[in-house]
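Here is a short report on one protein chain. The sequence and the structure come first, and the notes follow.

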Amino acid sequence: MNSDLWTIIGAAAVVIVVLASTMDARHKTLERRLRRMDRKLDLIMEHLGIEETGPEGMAEIDALLHKGKKIEAIKRYRELTGADLVEAKEAVERREG
């Protein structure tokens with residue numbers, strides 16, 4: 001009985017690992033697709049001359065950039081928007097112009 005229990009636990013662990021790796025791969029694929037779509041939308045907006053207004057607090061981001069505090073601007077952008085590091089860096093660099 002004891003060895004049967006360990007067999008079941010081992011099989012369950014293998015299933016969990018396989019499912020977790022599958023979900024992680026799907027998440028990464030979706031994340032890549034969303035980044036490509038975001039970049040395409042940025043290019044379309046740039047081509048049409050449309051500027052992103054962004055959330056409240058962008059004046060603060062611009063002030064930090066004006067002072068040469070790019071890293072602080074990226075951190076503050078993340079706080080204001082909930083963006084990840086890559087997205088925040090790209091957005092701040094777009095504002096930097």
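## A positive patch

Arg 32, Arg 33, Arg 36 and Lys 40 form a positive surface patch. The model behind this report is predicted.

Take Arg 33 as one of the patch members. Arg 33 sits in helix H1, which covers residues 2-48. Its relative accessible area is 49%. The limit for "exposed" is over 50%, so Arg 33 counts as partly exposed.

## A negative patch

Negative charge gathers on the surface too. The patch consists of Asp 38, Asp 84, Glu 87 and Glu 90.

Glu 87 belongs to helix H4, residues 85-96. Glu 87 is partly exposed, at 37% relative accessibility. Asp 84 lies in the loop between H3 and H4. Asp 84 is also partly exposed, with a relative accessibility of 37%. Between Asp 84 and Ile 74 there are ten residues of sequence separation, and their C-alpha atoms are 9.8 Å apart.

## A nonpolar patch

Which residues make up the nonpolar patch on the surface? They are Leu 41, Ile 44, Leu 48 and Ile 50. Together they have about 400 Å² of accessible area.

Leu 48 is part of helix H1. Its relative accessibility is 58%. Exposed means over 50%, so Leu 48 counts as exposed.

## Overall build

The chain holds four helices and zero strands. Read from the N terminus, its elements run α-α-α-α. The radius of gyration is 22 Å, well over the 13 Å that the globule rule gives for 97 residues, so the chain is more spread out than a compact globule.

The C-alpha trace spans about 70 × 30 × 20 Å along its principal axes. How much of the chain is buried? Of its 97 residues, 12% count as buried.

Side chains of opposite charge can pair when their charged atoms come close. In this model the count of salt bridges comes to eight.

One of them joins the side chains of Glu 31 and Arg 35, at 2.7 Å from N to O. Both residues lie in helix H1. They are four residues apart, about one turn of the helix. Glu 31 is partly exposed, with a relative accessible area of 31%. Arg 35 is partly exposed as well, at 40% relative accessibility.

## Salt bridges between helices

Arg 95 and Asp 62 also meet in a salt bridge through their side chains, 2.9 Å from N to O. Arg 95 lies in helix H4 and Asp 62 in helix H2 (residues 58-66), so this pair ties together parts that are 33 residues apart in sequence. Arg 95 has a relative accessible area of 30% and is partly exposed. Asp 62 is partly exposed, with 31%.

Glu 96 forms a salt bridge with Lys 70. Their closest N and O atoms are 3.5 Å apart. Why does this pair tie together parts that are 26 residues apart in sequence? Because Glu 96 lies in helix H4 and Lys 70 in helix H3 (residues 70-81). Glu 96 is partly exposed, with a relative accessible area of 44%. Lys 70 is partly exposed too, with a relative accessible area of 28%.

## A salt-bridge network

Lys 70, Lys 89, Glu 93 and Glu 96 are linked in a network of salt bridges.

## Arg 94 in helix H4

Arg 94 is found in helix H4. Is it buried, partly exposed or exposed? Arg 94 is partly exposed, with a relative accessible area of 37%.

How far apart are the C-alpha atoms of Arg 94 and Lys 67? They are separated by 16 Å. Along the chain, Arg 94 and Lys 67 are 27 residues apart.

Notes. Residues numbered from 1 in each chain as written. Predicted model: local features only at pLDDT ≥ 70, side-chain atom pairs only at ≥ 80, totals over all residues. Heavy atoms only, no water. Patch = residues over 30% accessible without salt bridge, like charges linked within 9 Å, V, L, I, M, F, W, Y side chains within 5 Å. Areas by Shrake-Rupley, 256 points an atom, 1.4 Å probe, with all protein chains shown as cover. Salt bridge = Lys/Arg side-chain N within 4 Å of Asp/Glu carboxyl O. Lys, Arg positive; Asp, Glu negative; His and termini not counted. Charge placed at Lys NZ, Arg CZ, Asp CG, Glu CD. Helix = DSSP H or I, 4+ residues; strand = E, 2+ residues; numbered from the N terminus. Buried < 20%, exposed > 50% of the residue type's maximum accessible area, 1.4 Å probe, protein only. Rg over C-alpha atoms; globule rule 2.2 N^0.38 Å.
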